[in-house]
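Me: I have a model open beside its sequence, and I would like to work through parts of it by question and answer. Could we begin once it is on screen?

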Amino acid sequence: MSRTWWRVGLVAVVLVASVTLSIRLGPPDWLLADAHPVRNALEGMSWPAGTLAFLALFVPPLWRWVRGHYDEAGEAEETEKRREPRIRVRFVEWMRQPFAAKYRKHVLAGLRYVDLKGLATPGIVTPELDEVYVHVSLVPRPAHEVGGLLTADEAGKRHDIDDFLDQERPRLLAVIGTPGSGKTTLLRHTARMICREQERRRRVPILIYLRDHVEAITGKPPARLADLVRVSLGDLARLEPGDWLELQLRNGNCVVLFDGLDEVARAEYRRAVSAWVERQTRQYPGNDFVITSRPQGYSEAPVEGAAVLATRPLSPAQVTVFVRTWYTATERITTGARNEDVDTAANLAADDLLTRLRGAQNLADLTTNPLLLTMIANVHRYRGALPGRRVDLYGEICQVMLWRRQAAKQLRLAMPGERLEVLLRAVAHHMMVSGVRELPAREIVGVLDPLMRRISTPLTSWDVLVEVVGAGLLVEREQLRYAFAHLTFQEYLAAVHIRDRGLATMLTGHVDDSWWRETTLLYSTLVDGDQIVAACLRSNGANALALAFDCIQDGADLDAALRDRTLDLLDRAQRDDCPDDVRTLVTKVLTTRLLRDSATVDSGAILCRAPVPNRLLQLWYRAKRADSPVPWNNEPATGMPLSDAKAFSAWLATAVEEPGIRLPTAEELGERAAVLPGHFAWTSDGLHVPSGEHPHHISRTVLQDQLAVDLDPEFERVVALLRVRAEAKSMGNREEATDYQRWMKPFLTRAQLRTPYLHTNVSVMRQEIIEAADAALQETSLAVRELFDWEQDTADFTLVAGKVIRRFYRYAHGRADYDADSLRLEFARAWPDDLVVWPEPRALMSTAQAVCDSQRSENSWEREMWKRLVHACEKIADASRGTTAQFRQIRLLALFLAAQAETARPIHQVAALAMVIERRQAGVVPASEVVHLLKDAEASSGASRRG
């Protein structure tokens, strides 16, 4: 009723203001006239206008009061069939716009932050959702096929939910995904997006958490959709003008988002909720509807007519984007600042986590799940628990998936989460002992039955199986055959089971079996590594010793004597007196460790994710009886040429008796290898550069920058001195000497020589000029002097400097119209912009010699310059390095010769080689080439069951 009186008051204020204005200004002339047309029109409109105003003010409240009574009398369905005129609907919407703005503001505020409830390490600060959100990709897929392992990936295009919403025809979507795949976050972000994009067809988001309204939905009578929304609005619901929400639903202005069908506890309730959702879609057919669920929950209560979309795992690029945005957001919140220093600190922390993930395949596989990636980022940010104590992270993940998230959402648990985990540990141990990745349901129930008989609970083993499948730790791979969502969970739970039951002897008997490797490592971290490492040293096999080194690297507590014995074996391999059999054993150990951190490519081959380390490369040099240029450490070996990379891989295949070891192709490498930032991997096809500038590419821009240094003022002075000297040699009489003084003055200035005195004896004048020029040339760079062969006894400047010099350094009408910029631009225009070369001194020598042998020049200057070019390249090849003057000489000689050659590209390649070698030597382009090995599946000595 208060809204009615507000309108009455507004009308009264307008009337009083009009009367006051009329009194002050006086009535207009047309108002006093008896037959004025304006007055007649107003008089004719007065009664209809008054009647409409009365109806607009008092009929709507009366209508709501009457309809409310009909609703209470059970006749609400009858009144819903009545429709208001379109003009009234638009008018009411216009009047109620302020509430729409308040509603959008309420939704944006309520969904502003990332939901971290249920995480064991939620962090000190909570980032805003928009700052860290990475799009959850969707793919149409039949409901019964949704699920699978966490690392599974779908081929084809990635769709965003907005590709399906806000179309001309409304949509009913069911988004199905495994636990933690980002379903709730997807709906929260979608609601915020709709609030901000008001030009959409359906611009009112409604987000309903089904778990909070089960009682209302399944009650008698079932709750209305608009009433559920009002419950979530709190105090804002009291400001709703009439049935605003109901009106938006009837007019098809809404996107209704139902979250968590699977979180409805009982199956009969889920079916009832699903039926209620179907009724809402029929009652309000003009709206978009989206419902989310885990696969099992949806399969028990599907929504009729819904198009099923499956969530897809995060791609490597999405993982990188999330980690960087997450660290940037948390760092800005923590420091309260937004500047370059804060962003730099965030990038360093993000780089550290990404590097650790690339170095730990088990963790990297988990990051395809948004929830697990968030947990990993949090643990790394606030605990620094990666990678040495990854066992703690696995424990947190199992707790969160089994019970912490459900407890945070206040969902009823059929059994305490800790007890569920104990039961699941026994299943994991049974699978490890059996050497399998999956088990039929009846065998899992057989494992659980003896344990369930010891527990006082009404639940059966089948109930427990359903509970853990719903939690997402077990997934149904085939009908009634189950596996852990990732092998890491199976190995971790088995390790905890072995610790709790005192079964360490089971691990010490399998130190040579790669199937038990990860479980053994996790156990040694949980307890200590003494028994394990001692068993490895007794075995003395490559797999066992590799396991011992892994235990040390993972930070297991270990007896000092055992640690020293293990590390001493590794260090012996770098000594000159090391026996060949020990060095071969260490080679096998290092290779075994390298191959363990691997990924399977489409062909079935095993690709090493980590690059070849310096230790392994040094063993190759020692096997060749050559001095090793690399240190004895575990850092990636960089700077190896392709020829050496191929020779190394061939040697290693023979040394460790694995004939399938080779370099991968570019296609096999793809994104699966953990190529470090700023590094590039050799493949059998060449250097793999996925994006950006090739490190060995010499572009025109790079050439021009280098020529700005090479063609310096000293170079121009040498050219001027040569011109002054050459023209002086051609003087024959006094008239020519007079012309010389006149026309050569600009060259003399650039050569920094005074204008010569005009002698009666021209020969004396000529000799003075030549002696002055020779003295000045002796003070300039040797490389520049040798370039032009200035000591050659000729006055023909064409032979001294070649056709390029004649073209660009000619004089006309007494002035010098040349400069280094002109020459630099000409060289750049002729330069092929696609030159890519490898910085190897031996290649420089062989290329220069091959190009020289192919030349058939009749010009004596060119033949002499080719000899000098090859000689300079030979010096650098012999010393494996060169001086700045040598590189400059090679570069300029090649450029001048290329300018006069019919086929210039091979000569340009010599100049490019000199530039790349010099840039590598100076550290401008650091050694960034690494080697990732691949082992063909058919040539392997035995496939690991870990795949």
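Me: In which sense do E12 and strand E18 pair?
Reply: This is a predicted model, and the pairing can be read from its bridges. E12 and E18 (residues 934–935) are joined over two bridges, and in one of them Arg662 has Leu934 of E18 as its partner. The sense of this pairing is antiparallel.

Me: Which strands are the edge strands of the open sheet?
Reply: The sheet is open and has four strands, in the order E10-E11-E18-E12, with antiparallel pairing. An edge strand here pairs on one side only, and that description applies to strand E10 (598–600) and strand E12 (661–662).

Me: Which helix packs on the sheet, and what angle does its direction make with that of E11?
Reply: The helix in question touches E10, strand E11 (606–608), E12 and E18. It is helix H28, residues 580–596, and its direction makes with that of E11 an angle of about 105 degrees.

Me: Why is helix H29 described as largely enclosed by the rest of the structure?
Reply: Helix H29 covers residues 614–623, and its buried residues, among them Leu616, Leu619 and Trp620, pack against helix H27 (560–572), H28 and helix H30 (642–655). Just after H29, Arg625 takes a positive phi of about 60 degrees. H29 is largely enclosed because, of its ten residues, the number buried is eight.

Me: How do the residues of the contact of H20 with H21 divide into nonpolar, polar and charged?
Reply: Helix H20 (residues 441–452) and helix H21 (residues 461–471) pack with their axes 8 Å apart, at an angle of about 115 degrees, and their crossing is right-handed. From H20 come Ala441, Ile444, Val445, Leu448, Asp449 and Met452, which meet Ser461, Trp462, Val464 and Leu465 of H21. The residues of this contact divide into eight nonpolar, one polar and one charged.

Me: How many disulfides does a search of the whole structure find?
Reply: A disulfide needs two cysteine sulfur atoms within 2.5 Å. For Cys873 the nearest cysteine sulfur, that of Cys852, is 10.0 Å away, and Cys873 is in no disulfide. Across the whole structure the search gives a count of zero.

Me: Is Cys873 buried or exposed?
Reply: A residue counts as buried when its relative accessible area is under 20%. The relative accessible area of Cys873 is 0%, and Cys195, at 5% relative accessibility, also falls under that cut-off. Cys873 is therefore buried.

Terms used:
Residues numbered from 1 in each chain as written. Predicted model: local features only at pLDDT ≥ 70, side-chain atom pairs only at ≥ 80, totals over all residues. Heavy atoms only, no water. Axes fitted to C-alpha atoms, helices over the stretch in contact; angles between N-to-C directions. Left-handed = near helix turned anticlockwise from the far one by under 90°. Contact = heavy atoms within 4.5 Å. Nonpolar A, V, L, I, M, F, W, Y, C, P; charged D, E, K, R; others polar. Buried < 20%, exposed > 50% of the residue type's maximum accessible area, 1.4 Å probe, protein only. Pairing = 2+ DSSP bridges.
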